[in-house]
Amino acid sequence: PSGDRVRIVEVGPRDGLQNEKGIIPLAMKIEFIERLAKTGLRDIEAGAFVSPKWVPQMADSSRILEHLLKAPPTSPYPINYPFLVPNLKGLKAALSVCEKLSPLSTTNGKTANSHQPDPERTPVNPVPAPQPTELSIFIAATDSFSLKNTNCTIAESLTRLDPVVTFATSLHIPIRAYISVVLGCPYDGPHVSPITVADLSNKLLDMGCSEISLGDTTGMGTAPRTQALFRILRDAGVPMEKLAGHFHDTYGQALVNCAVALDAGVRVLDSSVAGLGGCPYARGATGNVATEEVVYFLQSVGMEPGVDLGKIAEVGDWVSGVLGRENGSRVGKALLAR
Ligand code: HMG
Ligand code: MG
């Protein structure tokens, strides 16, 4: 309905860049995030603590987190910067950045374990160590994709992720969970079981995840199948207010699928400026729905995303130029041509 607020999760700096072949300098990634932070966006996915052998482009994510904790972009409101973690090793890598910045972590050149602070060094009112504002885990709806993307089956993934969620939530770090290939798999084709998606959504929520982002990784979703998926999720008791739509635009259906998700009651949409993005383990799949398109659409139906479309379009154009790519947003191109 008109007037409803929709939260946009900008995934450009992570999903948008992870598939880029050329090395992108750290300074450019940080500038990208800083520019996005001036557009009104409140959720900007900033990197991934995954294996650098698997996804080399995300190898400097600890430097990005360190920068965001030390010198966050100035903003009149808090901005959430989620990072992906695939396993406990990734979670520990993220936390070790925080530990390094903890006021308790160093004296006389020695590194202390901030979980066991030395009482003599502990100030009366210790400043808490900084923390990531949110972390994201990811799992897939088919074993084939799961094996290609994370080298384990769905069942093994659940076992691997359970302690990640337990540990992070014990530190009050919210965990978002992605389910990939919900509407089509590069290896198994378009007919992915919606029952598996519903079952996984419920398991991840029971585990303690705060939000489920449904990934149409391949962009194979069509309006009727997306609608059917949401119907099945609802019938399985998955609360719509816990869901986000993450639609890739390979077949040009991403914005249609966003509209179907909104119609089903979903109020969180993932997107990337200039339509950047793609998964290294989903060959041929193109970028996410462009943030410019989502904002333009939401404004046209009177739903408030709370971001400045003109500024978003400028960032989309800037990042396309830096990457030497054509701007993948039609709205962005149209606005900038005016
Ligand atoms: P593995 O090879 O089975 O892991 O990979 P392992 O535990 O056997 O360890 C192997 C090596 O990786 C070891 O190093 C580990 O230390 C290291 P070595 O001894 O060989 O030098 N390692 C790590 N290094 C850094 N950070 C870590 C880490 N873990 C192990 N966290 C693993 C398993 C999950 C690590 C690997 O498969 C991986 O990193 N996969 C990530 C793939 C990825 O990032 N895909 C893109 C993101 S998902 C996506 O795009 C979809 C989404 O957008 C939604 C949608 O569109 O559907 C979210
Ligand atoms: Mg994606």
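Let's start where two helices touch: Glu292, Glu293 and Tyr296 in helix H10 meet Arg330, Val331 and Gly332 in helix H12. Here, two residues are in contact if their C-beta atoms, placed from the backbone, lie within 7 Å. Sorted by type, the residues of this contact are two nonpolar, one polar and three charged. Nonpolar covers Ala, Val, Leu, Ile, Met, Phe, Trp, Tyr, Cys and Pro, charged covers Asp, Glu, Lys and Arg, and the others, Gly among them, are polar.

A quick word on what you are looking at: this is a predicted model, where local features need pLDDT of at least 70, side-chain atom pairs count only at pLDDT 80 or more, and totals for chains, interfaces and linings use all residues. Residues are numbered from 1 along each chain as its sequence is written, while chains are lettered from A and ligands numbered from 1 in the order in which they are written. Helices (H or I, at least four residues) and strands (E, at least two) are DSSP runs, numbered from the N terminus.

Back to our pair. How do the axes of H10 and H12 cross? H10 spans residues 291-300 and H12 residues 330-337, and their axes come within 6 Å and cross at roughly 80°. The axes are lines fitted to C-alpha atoms, for helices over the stretch in contact, with angles from 0 to 180 degrees between N-to-C directions. H10 and H12 are therefore roughly perpendicular to each other, a label for angles of 65 to 115 degrees.

Now please find strand S8, residues 175-180. Is S8 enclosed or open? Six of its six residues are buried, so S8 is largely enclosed by the rest of the structure. Buried means 20 or more other C-beta atoms within 10 Å of a residue's own, exposed means 12 or fewer, and partly exposed lies in between, with C-beta atoms placed from the backbone. Ile175, Ala177 and Ile179 point one way from S8, and Arg176, Tyr178 and Ser180 the other.

Strand S7 (residues 135-140) pairs with S8 in the parallel sense over six bridges, and pairing takes at least two DSSP bridges. Leucine 135 stands opposite isoleucine 175 in S8. Strand S9 (residues 211-216) also runs parallel to S8, joined by four bridges.

Last stop: histidine 172, in the loop between helix H6 and S8. Histidine 172 has a positive phi of about 65° although it is not a glycine. With 7 C-beta neighbours inside 10 Å, histidine 172 counts as exposed.

Terms used
Parallel < 35°, antiparallel > 145°, perpendicular 65-115°, else oblique.
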